[in-house]
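I opened my notebook to jot down a few things I looked up in this model. Here are the entries, in the order I made them.

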Amino acid sequence: MAEKLVVISDKWGAKKGLWIASYFGYLQQYYDIVFHDCQQLGNVDVSIFSEENIDKAFFEDNGIERAVSNLIRKENEPAHYLAFGVGATVVYKASLKGLPAKSITAISAIGIESEEQMPLTTNVQLIFGECDKKKPSLKWAKRAAANLRIVPNFGHTLYSDEKIISEVSLELLENVTKKAV
C-alpha cells in the first residue's frame, strides 16, 4: 500500500502550475497523490486574475483561513504533505490546528514568522530561496526550532525550477523507500 502524499499548489493554483507535473512524474509511482488547488481550498474566486487580486483574496479577505479550515475538513488521516508558497502557509497553519501529518515539506511558505511554534509533526522541512524577500529570519527559525533550509541563488519560486524539483522529489522518495526496506 503506497503512502499518501497531499500536494497543495501555490497561490496561482492549477492555472499556472505546469511545473507541478514534474513532481508528479517523480513521485506518482511511490505515493498515492492527492492534489489540492490552493485557490479552490480558500474559495478564492478573482474575476481579474492578477497577482494583486490573488494576494488580496488570500491575505486580506481570509482566503488562507478558509483554506486551512477546508484542508483540515478534507484531510483527516495522517499523510505526507508537499506544498508551495501560499499552499505551504496553509499546510503549516493547518498542522498547528491539528492536521494529521506524517511529514511536511513546505517550500516558500509566506508569513509563517507570525507563528511562535512549529507543528507537532517531527518531520517538518521548511525550504526557502536565499533571495526570497518573504523568507523568515534565522532568529525566528532558532526561536521556533524550525528545520530551515536556505537554497543559495534562488528566489521565491524556486519550487518551479527543475533542479529543486528533482532534489525535493528524491528526498521524498528516500523517505518512502527507506520505510519499505
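I started with Ser 108, which sits in the loop between β4 (101–107) and β5 (124–129). I take helices (H or I, at least four residues) and strands (E, at least two) as DSSP runs, numbered from the N terminus. Ser 108 has a positive phi of about 60° although it is not a glycine. Most residues other than glycine have a negative phi. I noted Ser 108 as buried, because its relative accessibility is 0% (buried is under 20% relative accessible area, exposed over 50%, partly exposed in between, with a 1.4 Å probe and protein chains only).

A note on the source: this is a predicted model, where local features need pLDDT of at least 70, side-chain atom pairs count only at pLDDT 80 or more, and totals for chains, interfaces and linings use all residues. Residues are numbered from 1 along each chain as its sequence is written, and side-chain values use heavy atoms, with hydrogens and water left out.

Next I checked Asn 62, in the loop between α3 (51–59) and α4 (63–74). Asn 62 is not a glycine either, yet its phi is positive, about 65°. Is Asn 62 buried or partly exposed? I put Asn 62 down as partly exposed, because its relative accessibility is 44%.

Then I went back to β5. It runs parallel to strand β6 (residues 148–151), and four bridges join the two (strands pair if DSSP finds at least two bridges between them). Gly 129 has Val 151 in β6 as its bridge partner.
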